Structure formats: structure tokens, C-alpha cells
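Here is a short briefing for a first look.

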Amino acid sequence: MEKDSILTVSDVRKYFKIKEGIVKAVDGVSFSVKYGETLALVGESGSGKTTTGHLIMGFYPPDSGKILYKGKHDLSIPIKRRSLELKREIQIVFQDPGTSLNPKHIVKDIVGLPLRIHGLADSSSVYGKVAELLEFVGLGEDFMFKYPHELGGGEKQLVAIARALAPNPSFIILDEPTSALDVSSQAKVLNTLSRIQKERDISYLLITHDLGVVRNISHRVMIMYLGKIYEEAPTDEFFRGPLHPYTQMLLSSIPTLTRQDEEIKPKGVEAVGEIPSALSPPKGCRFHTRCPFAKPICSERDPPDVVADSGHVVRCWLYE
Ligand code: SF4
């Protein structure tokens, strides 16, 4: 266990049995999140990124592997068996604040509930503490008596962030926190999340499919495809020199605003087809059915991890 890691995930697997067979949603995933950093976990729908976040939250246990928090707390156990202290430390912000906020409750009660559950406020102090949290996320006290339906999308997500901050966590999972928002609300929410991290020294695991968001707030990036991680790098290096053909494909398909950005975009890496079903992932490198550089070995054997540079790891036969 690295001493500077708040979270360590080691060889974690989660398979789901369904009528048609077994979905290998997470299949041997290892990574760590450092104190105070934002690690982005990026992938298309069906990559297993959200399942990874849910395993850390304890919504269901892994089939095998270990998840350790602060080097000593076992997160392989479901949330209902975790201590109140551990539940307080690890929070999540969901993608759609429209469904994650109770429509029948006013903001004061939504943000106040975790304060009461964790014994951090009573009826005499809850108002002041909720007001402080709303101020901290940039909303102000006036929002206290509003219902979720009276708020815009960005405002609802800021309320969800205030609720996540209420128990004073050290680690927050951000599950596509801006994908349901318009562009200006996205910018406001991302700026707020960055400021909060600096002021409170919180670690984030950012789950997203949006590389624009990654560039804005993450320190490191990991690319997930069909249940496995295929590339990991510090954010600057990731955008300057992506190595895995799948990463290059993702980067080549994002729209750019400047000629400079357009020039550094990877060229000639157009993948074919759709992501295959996780019910029957391809043998060997799971990307081989779409990869323009696939060699015979790619469909036979899983590629090994290759360390390309400090902190930059790629899983691809091209670099062996
Ligand atoms: Fe492509 Fe082979 Fe690398 Fe997979 S291992 S990304 S198929 S070249």
C-alpha cells in the first residue's frame, strides 16, 4: 500500500449473473487514489466505470479482490455493515440531481439530513450549518426553503454537492457530475468542485465519459474498456502523448476549439464498430475487434502492463 494513497483497489472483480449469461462488469481492476487528488476514471457506457464506483461505495461487494481505505479500512464489505465513521468519510454525487434529491423536501432538510444522521447538528444548529454549506457551494441562504423543482439543473447539483459535503468527507465519488447539465452550469459546478478540493483537501474519483471535464479538473486519468483498465497517466501527459489506440480514438473524436488543440489530436486512429457486449468480451485484448493496429497475438493473449514513463502505464502489445 502506498502511504500517499487514500484508496487502494487491488485486482477487483465483479460479475453479474443475468438470464443470458454472466456480465464481467469489472474484471481484475487495480488502481489507487492519492490524498487530495482527482483521479478520472473514463470509459464509454458499459465499460464498468460506474460499477467500480458502486463497489467502492459498498452498494454491492466485489466477488474477489480488495478495496482498502486509508490503508486499514476494508471497503469490500457492503455499506450497511460499515461503521458510521466510514459512511461519513466516503460520499457520492450522482449524475442526475433531479432524481437524487427528494422532491418532497426543501433544501434545508435535504442538506440537513446527513448532519443529523451523523450527529453533527441538532434542531437548534442545523439551520446555521446548512446556511454555511449553501454559502460554501455558492448558493446562499435564500435557497434554504426552496424545493428541488424550483431550482435549475446546476443549482440542484450544487445542493447535491452541499449534501455530500455535510458529513465532512475526505473522499467523494463524482459519478458523471455534469453530464445532465448545460454548458454554463457545467463550468460553474466544475469550478466549485475544484475550489472545494483545494480548500478542504478532499480526494475525488471522477467517473465520466467526457474528456473535456477530465482536462478541467483531474490530476490523473485512467481509461477503462469492457471491465479492464488499459491506460493510466498524469492528465498533462495523457493529453500530450496518449499511447493506447483506444485512448487515441477517444481523443481524436472530441471537438476542439483551437488550431493548437487540433494539431495535437491523434490522427489515423478511427476505430470501427461499437463496444462489444460485456456478456461475451473478446479474448485477448478486449479492444482487438475495433483496433486498427491489431496483430495476431492481440486476439490470443491479454496484453501486459507496460510502464512507458513515470506514472504512465499502457496495456497494449504495441509497446511490449
Ligand atoms: Fe490494438 Fe493489440 Fe494494442 Fe489491443 S493490444 S490495443 S488490439 S494493438
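This is a predicted model: local features need pLDDT of at least 70, side-chain atom pairs count only at pLDDT 80 or more; totals for chains, interfaces and linings use all residues.

Residues are numbered from 1 along each chain as its sequence is written, and side-chain values use heavy atoms, leaving out hydrogens and water.

**Helix H6**
- H6 covers residues 153–165 and reaches 19 Å from its first C-alpha to its last, close to the 18 Å expected at 1.5 Å a residue. The expected span is 1.5 Å times one less than the number of residues.
- Helices (H or I, at least four residues) and strands (E, at least two) are DSSP runs, numbered from the N terminus.
- Its buried residues include Lys156, Gln157, Leu158 and Ile161.
- Among the elements covering them are strand S6 (90–93), helix H4 (107–117) and helix H7 (183–200). Contact means heavy atoms within 4.5 Å.

**Ligand shell**
- Residues around the ligand include His244, Cys285, His288 and Trp317. Each has a heavy atom within 4 Å of the ligand.
- The shell divides into ten nonpolar, two polar and no charged residues.

**Positive phi**
- Asparagine 168, not a glycine, has a positive phi of about 60 degrees. Asparagine 168 lies between H6 and S7 and is partly exposed at 47%.
- Glutamate 176 has a positive phi of about 50 degrees. Glutamate 176 sits in the loop between S7 and H7 and is buried at 7%.

Definitions and conventions:
Buried means under 20% relative accessible area, exposed over 50%, partly exposed in between (1.4 Å probe, protein chains only). Ala, Val, Leu, Ile, Met, Phe, Trp, Tyr, Cys and Pro count as nonpolar, Asp, Glu, Lys and Arg as charged, and the others, Gly among them, as polar.
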